[in-house]
Amino acid sequence: MLTWLSLLFLALFSGAAFMAGRGRALKSSGGSKAKLHSLPNYYGLYAALWAGAPAALLLLLGAAFGGRVEDAMLQAQRPAVVQALTPDRQDVFFSDVSAVAVGQAPSEVTYDGPLKAAFDAKVAEAKRIDGIVSYSVLGLAGLLALAGFLLATPRINTEFRARNRVEGWISGVLIACSVAAVLTTLGIVMSLIYESWRFFESVSPLSFLFGTEWAPQIAMRADQVASSGAFGAVPLFAGTFLVMLIAMLVAAPIGLYSAIYLSEYAGRGLRAVIKPLLEVLAGVPTVVYGFFAALTVGPLFRAFFNGVGEQMAGGPLDGIAQYLMQVQNQMALVAGVVMGIMLIPFVSSLSDDIINSVPQSLRDGSYAMGATKSETVKKVVLPAALPGIMAAMLLAVSRAVGETMIVTMAAGLQAKLTANPLDTVTTVTVQIVTLLTGDQEFDSPKTLSAFGLGLTLFVVTLGLNIIALRIVQKYREQYD
Amino acid sequence: MPTENRDDTIAHAPALAAAIPAGHGHVTTGEFKIRARDVNVFYGEKQALFDVSLDVPAKSVTAFIGPSGCGKSTFLRCINRMNDTIPSARVVGSIEIDGADVNAKTVDPVVLRSRVGMVFQKPNPFPKTIFENVAYGPKIHGLASRKDELEAIVESSLKKAGLWNEVSDRLHQPGTGLSGGQQQRLVIARAIAVSPEVILMDEPCSALDPIATAKIEELIDELRSQYCIVIVTHSMAQAARVSQKTAFFHLGKLVESGPTEEMFTNPRDTRTQDYITGRFG
């Protein structure tokens with residue numbers, strides 16, 4: 001509340017600084033705009049920025065981190081009675097102190113005797129510290145605003161390059177925005193690495209990467225059975241690979257052929273209809289594909305295979321028939337096929353762009369040799385576009401590997417090391433989801449293993465994307 | 001040639017082509033390879049060519065000159081029906097090669113284009129090896145049944161294009177790695193490899209430096225003895241150097257045509273005179 005009020009006040013002050021800066025500029029040039037280096041508003045903005053921006057930044061920082069500073073100051077000295085408590089209870093004690101100090105209800109823990117005295121003392125101290133911190137932030141912000149204004153305005157005269165200074169501020173803001181995006185990515189990677197590090201402290205990376213048994217069910221209590229888990233991720237990698245392979249077997253030919261049709265054969269009218277339709281397919285949320293897989297394709301495939309099994313039963317292939325009759329809804333094939341359908345527009349739209357960027361002069365050259373359309377496509381256009389198409393496929397693979405929703409709903413949860421597409425498999429992403437959804441404790445290897453999986457996934461997809469983008473870049477250079 | 005037996009002629013077109021022995025080239029004024037009558041070309045609503053009638057002599061070089069957008073490239077592209085690849089283009093009128101109308105329904109543009117080669121403004125070698133570039137046409141038309149036959153065709157084509165000595169030791173390196181002038185000669189070798197009767201060149205030197213241009217012009221002069229060559233050029237000096245006949249196009253119309261020497265020394269039309277003396281264009 002105080003922060004908002006002071007920000008409002010600061011805005012008013014900064015507006016006044018704008019008027020003052022503008023007025024001073026006009027006064028120094030005797031009212032003539034032509035004599036000024038920059039337009040009058042730039043002088044106003046210059047003064048307003050120096051008066052407002054640093055102070056506003058300080059206020060915002062105070063609002064964001066003031067509480068932390070206060071907590072640190074409050075907890076710097078812990079009375080003996082508090083130190084006697086367990087670390088967990090000490091945390092509860094201090095969070096109750098902070099809550100009471102700002103007038104909120106504390107937890108249900110009751111404090112009595114010497115603890116009560118210590119509690120009241122700390123509450124009083126918390127209120128005092130809060131006062132000191134917030135008023136010092138306010139005071140400092142006021143000083144900054146005043147100093148900014150007083151230092152900036154005297155520099156304003158006809159020669160002063162206000163426009164360049166203001167543009168400098170603007171470019172600073174733009175840089176800050178782009179740096180924020182990069183820093184966020186960096187932060188994600190760092191946290192991934194840090195948590196994975198913690199995981200690999202309890203499970204060796206070798207047994208994680210090459211172990212063939214995945215059973216992360218660690219008991220919540222020490223006396224439960226199966227108190228230790230197994231963290232061999234090979235079945236997950238195999239499952240991911242199997243689903244990806246099926247998806248690419250569906251998406252690569254269909255996507256590529258539709259791209260060839262669209263870019264080389266389709267008339268302008270047809271192309272105008274089909275291309276947007278394909279792009280609509282790309283806009284369908286993956287969760288929709290997920291329940292399409294689980295509720296439509298899964299039962300359909302199951303019915304098909306069970307039916308085939310019944311037809312074959314009793315024949316020479318009775319073993320296979322018995323197996324087919326037991327096929328379940330959830331299988332790698334369903335997840336792979338639906339994921340492949342999801343990837344078709346991705347592959348086709350990327351390949352279409354790449355085929356279109358093959359220069360028309362190459363096609364003309366081929367036609368002028370008396371080549372037919374299909375000869376031209378097969379022997380000139382596709383070979384020329386091949387590196388780019390390869391890159392498109394790699395990008396599709398990296399999407400297939402990272403895809404979560406479809407496999408969660410259609411592939412199954414059981415980690416099995418199998419190459420049978422009719423079996424249920426589980427993938428890296430599915431395991432991350434199941435490990436981290438719901439209430440979880442964040443210091444057991446079970447939950448931390450999700451970060452190990454995440455890091456592996458990140459490294460693989462990053463590698464694929466880098467290779468693909470390098471290929472695309474080289475390809476572009478070849479024809480530009 | 002009378003129009004009623006046109007279809008008959010087309011059916012025998014390849015045989016007819018084979019009947020003219022290569023290198024049997026004595027140029028006489030009466031011997032015309034291509035006869036165009038009242039050719040009109042439309043791109044959608046826009047008419048690009050108006051009533052062009054022109055005879056192109058065999059075994060000689062004919063140059064089309066004229067300012068940009070005058071229709072000379074459009075007319076060139078009618079001869080091998082490259083305008084078919086532009087959906088909005090429509091060609092009216094008759095163009096006969098050896099008396100056979102190229103626009104007749106029975107003519108397959110694929111067969112036509114194997115008889116009428118084309119070289120483009122910008123060198124456009126395929127992203128394949130030098131050998132594969134030249135072998136492309138013979139392969140798709142099945143001109144060689146054995147590997148050594150194919151090699152012989154590639155070698156003789158590269159020799160005719162004057163490129164053999166420069167590339168014989170690197171036939172299996174990418175054609176895109178050659179210099180611009182070499183690429184253009186590679187493309188000419190590629191066109192020659194299918195033994196065409198006519199070679200169309202659309203400003204073949206406009207992307208080249210003077211030395212490469214001189215080599216191509218030399219080559220054109222050598223090829224003249226075996227092929228009917230039509231060249232579109234912006235350079236009047238080039239037209240004067242390489243061609244025996246010149247046609248001047250302006251605003252989609254053929255203004256005048258005649259022996260090159262006559263056109264440049266004694267043009268009949270004032271527009272031609274203005275253009276070749278550099279007053280416009």
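This is a walk through a two-chain predicted model, from the overall build of each chain to the place where the chains meet. Because the model is predicted, local features need pLDDT of at least 70 and side-chain atom pairs count only at pLDDT 80 or more, while totals for chains, interfaces and linings use all residues. Residues are numbered from 1 along each chain as its sequence is written, and chains are lettered from A and ligands numbered from 1 in the order in which they are written.

Let's begin with chain A. Its secondary structure comes to 17 helices and 2 strands; here helices (H or I, at least four residues) and strands (E, at least two) are DSSP runs, numbered from the N terminus. The C-alpha atoms of chain A fill a box of roughly 95 × 80 × 35 Å along the principal axes. The radius of gyration of chain A is 33 Å, whereas a compact globule of 480 residues would have one near 23 Å. That radius is taken over C-alpha atoms, and the globule rule is 2.2 Å times the number of residues to the power 0.38.

How much of chain A counts as buried? The share is 35% of its 480 residues. A residue is buried if 20 or more other C-beta atoms lie within 10 Å of its own, exposed if 12 or fewer, and partly exposed in between, with C-beta atoms placed from the backbone. Among the contacts in chain A with a separation of 6 or more, 75% join residues 24 or more positions apart. Two residues are in contact if their C-beta atoms, placed from the backbone, lie within 7 Å.

Now look inside. The largest nonpolar core has 159 residues, and V243(A), A335(A), V338(A) and I406(A) touch the most other members. Helix α8 (residues 234-265) of chain A gives the most to this core, with 16 residues. Apart from it lies another core of 24 residues, including Y42(A) and A162(A). Such a core is a set of buried Ala, Val, Leu, Ile, Met, Phe, Trp, Tyr and Cys residues joined through C-beta atoms within 7 Å.

Helix α12 (residues 332-356) of chain A and α14(A) pack at about 145 degrees, with their axes 9 Å apart. Axes are lines fitted to C-alpha atoms, for helices over the stretch in contact, and angles run from 0 to 180 degrees between N-to-C directions. By class, this contact has 15 nonpolar, 2 polar and 1 charged residues. For these classes, Ala, Val, Leu, Ile, Met, Phe, Trp, Tyr, Cys and Pro count as nonpolar, Asp, Glu, Lys and Arg as charged, and the others, Gly among them, as polar.

Helix α14(A) leads us to the partner chain. In all, 14 residues of chain A are in contact with 22 residues of chain B. On the chain A side, α13 (360-368) and α14 (373-402) are the elements that give two or more residues, and α13(A) gives the most, with 6. That side divides into 8 nonpolar, 4 polar and 2 charged residues. The buried residues of α13(A) are R363(A), G365(A), S366(A), Y367(A) and A368(A). They pack against α14 of chain A together with α4, β6 (116-119) and α8 (180-192) of chain B. Just after α13(A), G370(A) takes a positive phi of about 85 degrees.

Chain B has 12 helices and 10 strands, and buried residues make up 46% of its 281 residues. Q121(B) sits in the loop between β6 and α5 (130-140), and counts as partly exposed because 17 other C-beta atoms lie within 10 Å. Leaving aside neighbours within four places in sequence, Q121(B) is in contact with D202(B), E203(B), S206(B) and A207(B). E203(B) lies in the loop between β7 (198-202) and α9 (210-223), and has a positive phi near 45 degrees although it is a residue other than glycine. Is E203(B) buried or exposed? E203(B) is buried, because 20 other C-beta atoms lie within 10 Å.
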